[in-house]
Amino acid sequence: MKIHIKNGRLIDPANGIDAPKDICIASGKILAVTEPGKKPKGFSANKTIDAAGLVVAPGLVDLSARLREPGYEYKATLESEMQAAVQGGVTSLVCPPDTDPVLDEPGLVEMLKHRAKNLNQANVYPLGALTVGLKGESLTEMAELTEAGCIGFSQAAEPIVDTQVLLRAMQYAKTFGFSIWLRPQDACLGRGIAHSGPVASRLGLSGIPVIAETIALHTIFELVRQTGARVHLCRMSSAAGLELVQKAKKEGLPVTCDVGAHHIHLTDEDIGYFDANARMLPPLRSENDRKAIGKGLLDGTIDVICSDHTPVDDDEKLLPFGEATPGATGLELLLSLSLKWADEYVKPASQRLSHALARITSDAARIAGLHGGQLSVGSAADLCLFDPKARWKVEAGALASQGKHTPFLGHEMTGRVQATIVAGHLAFDRGLK
Amino acid sequence: MLPNPQLNQHGELQHLLTIEGLPKEVLTHILDTAASFVSVSDREVKKVPLLRGKSVFNLFFENSTRTRTTFEIAAKRLSADVINLNIAASSTSKGESLLDTIDNLTAMQADMFVVRHAQSGAPFLIAKHLRDTGREHVHVVNAGDGRHAHPTQGLLDMYTIRHYKHDFTKLKVAIVGDVLHSRVARSDIHALVTLGVPEVRVIGPHTLLASNLEQMGVRVFTDMNQGLKGVDAIIMLRLQNERMNGALLPSAQEYFKSYGLTPERLALAKPDAIVMHPGPMNRGVEIDSAVADGSQAVILPQVTYGIAVRMAVMGILGGS
Amino acid sequence: MKKNLPEPDAEALYRALLAQVNAGLVDIPDPVIVGIHSGGAWLAERLAADLGIPEERLGFVDVSFYRDDYAEKGLRADVKPSHIPFEVNGASILLVDDVLYTGRTTRAAINELFDYGRPAQVMLAALVDRGERELPIAADFVAEYLQVKDNQSIVLHRADDGIFSLTVEHAS
C-alpha cells in the first residue's frame, strides 16, 4: 500500500526535524520525506491522508507495557491491550516477563510473539526472565531466549535477594552482551504500601522509604562496576535515587533509566482519602521527588518515559488501599502525560513537542536497542499522527484497554492520537480525512 | 482539596470516619451531646427512643469483643436493633468482597454500619460506595481501621480530659507507646490539636514512632522522663504484640524498663495529672499495676464515657 | 422581629400563673416541679423559689431525645442534660413549659418522665397557651391564651437580673 501524508507538522527527534513536511510510504517502509506539496517522481498513492493541524511523529516506543498474556486473560487480553497500544499511538512496546507462566522458556516467548504478530498491530518486544520463575535462584537460558526474540532480561517487580545470584546473572549476561533491566528496589525495605513520609504516617499506611531505592542502586552500581554488565534501571521514583544515577553516569557506568509517566505528575498527596487508583509500584513519592523527576528528564539523568501500563480490574482495585493491586492503565495516556511533562519543564515553548516526543520515540528505541522511533528514509513505516491541542476526558468508555484504573480517571488530558500506522498499514484511525 | 466525605453538603456529619478534617465545632457538639447521655445510664430505663426502628449492623472484620460490646450497648440504649457480624479477614478473601458484603447488608435495610477493619481506609471505601450507589442515608461509623483512625476512642478520650481538666487550651498531654501502629494515637493527636491543646507530646522508641510526626502538630520524645515533665494527662497505648512484624523491640521487659508508666515516672507529671488507657491493659508492660489501680487513673470512667460518646455519635448521625 | 400584637407583660402573666398553681397545689402533699428546657426550666426555678419547694424536688428535662421530629430535624445543637434528683415512682409532678402549642413537646416530656419511673400524677402549667393542638393535651394552669399566626412564634426571655419578657417573632 502506498500512502501519502500531507500538510502535517513532521517532528522526528532522531533526525532533528520539526518542520512542515510531507511523507511517502511504500512497502511498509518510509520512501521519502519531502517539502510540503512535493513528492518523488512516479509515486502514486493508494491512500492520501490530510494531516492538517496534526503532528506526524514516529510511532511511540513504550519500554514497559503489560499485556497480561499468558495467564492473566481475565484482567486483559492481547487483543484489547494491543488495540489500546495503537489507540495510544504506540507502535513498539516492550513487555515485562511477569506473566503466568513467567517468560522463562523460549517456547512461551515464541508463542507470544507469534500471537502479537498475527494481530498486525504494534511490534512486541518481550523481556525474558533473568532467573527461572523470577525466583532469583537459577539463571534462565538467556541465549535461547534472545534467539526466540527477547531484547533483554528482567526481574519485573521481584528483586533478587541473593546478591551472589545477581552478580552471576550480570556476569553471564555480560558474556553475551545482553542487557539487564532492573527495578532498584530492596526486597525487604520495599515491602510497604506507600511512600514513607508524612502522608503515610497520617493515613496509617506502612511506608516504603527512599532508601529502599538508593540501597538497591548502590548494590546494582557496585555489581556493574565489577562485571561491566549493561543495566537499564526501571521506574525511578526519588530525588536521592536520581542523584546516584547521575553520579554513576558521570563515572561512565553503562547504565540508563526510565520513569513511569504517572510519576512525573503525581505525589503521595494524590492518595487523598485512600484512593486505591494511586497505589502504584514504585509508590508515588513527595513533591520534591516529583520535581527531581521532571528536571531529570530534561537534563538527561532520566533517558526515557514509559507508560508502565498495568491493567488491573475492578475486583483488584475496589478494595481497601492496602489490599489493592498496584498499577495503572497507561498506554493511552503516554502521549498526553509526556506532553504535559514538556509543558511544565521545557523552555522555550517551541521545543516542547520535540523534547516530549524524543523521550518516547528515539531515546526509547536507542536505549532498548530497537530499530523504531524514527522517520528516516528506509526505516519501517511506524507513525503516530496526533492533534497536540485536542482535549479529551479519561473515562472508562474512552479507553480501549481492559484496564480502566488510573489516578487520572475523570481528568482532562491534552493531546490525542488521530491515526497510527504500523509497517505501512493503518492500524488505527479515529476518522481521518 | 477533595470535599470531606464525612460531611454532607450542609456541613452536617454524615459519617464518622476520622477526626482529621472535622471542625472544632463538630467535635464540641459531640462532646456536649455525650454529656446528656451520661445521665441516661443512671436511670431505671436506660433507653431513649432516638434510633427506634433503626438497624445498626456491627461489621467487625477484626475481632474485638470490648469495642463491639460498647457499640452494641450504645445502640441498644438508643433503642436501635443491633445485628453483630464477625467476619474474619480470611473469609472475605475466600468469598465475598468487602463491597459485596455491604451491598447484601444494605439490602437487608441496614441504617448504620459500625465497621472495624484491619486495613487503613476501609470505612472510606464503604462510605464512597454507599454514596456512589445512591444510599446516602446509610451512615458509617469507623470503629477502627488498621493504623489509621479510631475516632470514637479519640472522642471519649477528649470527653475524659474535658471532664477532669475542663480547659483544653491550658494543657500538656503526652501519648506514650507504639504510635507507629496506633490508630488511637492518630485520632487522639488530631482531636487534641483541633481542640486547641497547646502542647501534644508523643513518647516512644524510634522503632515505634512514625516518620514526620511533627507535621501532625506534636513534639516527639524518645526519653520518657523528659517527655512526662509537667504534663496534665498521660495517654498510655497498649503494646500491640499482634501488630509487630519482628525486630521492632527486643522484649516486653526491656520496654517496661524505659517506657513503662511507674509511680516514679508518674511523679514527674503534674501532681493532679490523669492517667488514661484505651484498654485492654498489659500490666507490667506499658503500665505498672500500682498506677493502673491508683488514684490518678481514670481508665474505668473512660469506659462509661465511651458508651455516652458512642450514643452521641450515633444519635447525631441518625438524625442527619 | 415582627411585632403584630402588643407584647404581653410576662411578669404579670407569671404572677397570674403563680397564683393559679399555688391554689391548685394546696391539696397535693410534697409536689415536685419539672421544667422543660429552656423557658419551662426558668419558670420552674422561679415557681419552686416562690412556692418554697426545695431544690431536691426541682428537676429539668431536655426533650431532645424524645421528640417526634428527629427524622426530619436531627438532634439539636444545644442538647442539655436532663436532671431529675427525686424518685419519680409515686411522685406528684407539676410539669412546666413556657408556651403550649401543638402538645408534642408535652408528650415528649411525659414519655421521658415515664422512663424514670411511674408518677402518681402529672399536671401541666404553661405561661401561654396558643391553641392549635395536634394531640389531646390540656394544661391544668394557664396564665394567658394568645393567638398568633402560623409563621410566628412566642418566645420567653430571661434577662440577666431574672426578669421575664415575651416577644412574638417570625418563626424560622
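Me: In which sense do strand E12 and strand E13 of chain A pair, and over how many bridges?
Reply: Two strands count as paired if there are at least two bridges between them. In this predicted model, strand E12 (residues 153-154) and strand E13 (residues 179-182) of chain A pair in the parallel sense over 2 bridges. Within that pair, A:Ser154 stands opposite A:Trp181 of E13.

Me: What is the order of the strands in the open sheet of chain A?
Reply: The order is E11-E12-E13-E16-E17-E18, which makes 6 strands with parallel pairing. Strand E11 (128-129) and strand E18 (304-306) of chain A each have a single partner strand, so they stand at the edges, and one side of each is left without a neighbour in the sheet.

Me: Is strand E3 of chain C enclosed or open to the outside, and how many of its residues are buried?
Reply: Buried means under 20% relative accessible area. For strand E3 (residues 92-100) of chain C, 9 of the 9 residues are buried, so the strand is largely enclosed by the rest of the structure.

Me: Which strands pair with E3 of chain C?
Reply: Strand E1 (residues 32-36) of chain C runs parallel to E3 and is joined to it by 4 bridges. There, C:Val32 has C:Ile93 of E3 as its bridge partner. Strand E4 (residues 121-129) of chain C also pairs with E3 in the parallel sense, over 8 bridges. In that pairing, C:Leu100 stands opposite C:Asp129 of E4.

Me: Where does B:Arg183 lie, and is it buried or exposed?
Reply: B:Arg183 lies in helix H7 (residues 183-194) of chain B. Its relative accessible area is 7%. The cut-off for buried is under 20%, so B:Arg183 is buried.

Me: Which polar contact joins the side chain of B:Arg183 to another side chain, and which backbone oxygen lies 2.9 Å from a polar atom of its side chain?
Reply: The side chains of B:Arg183 and B:Glu62 are joined by a polar contact of 3.0 Å. The backbone oxygen is that of B:Gly146, at 2.9 Å from a polar atom of the B:Arg183 side chain.

Me: Which chains have the most contacts between them?
Reply: There are 2 pairs of chains that touch, and chains A and B have the most contacts. Chain A and chain C are joined by no contact, and their closest C-alpha atoms lie 27 Å apart.

Conventions
Residues numbered from 1 in each chain as written. Chains lettered and ligands numbered in written order. Predicted model: local features only at pLDDT ≥ 70, side-chain atom pairs only at ≥ 80, totals over all residues. Heavy atoms only, no water. Buried < 20%, exposed > 50% of the residue type's maximum accessible area, 1.4 Å probe, protein only. Contact = heavy atoms within 4.5 Å. Polar contact = N/O pair within 3.5 Å; in protein donor to acceptor, adjacent residues only side chain to side chain.
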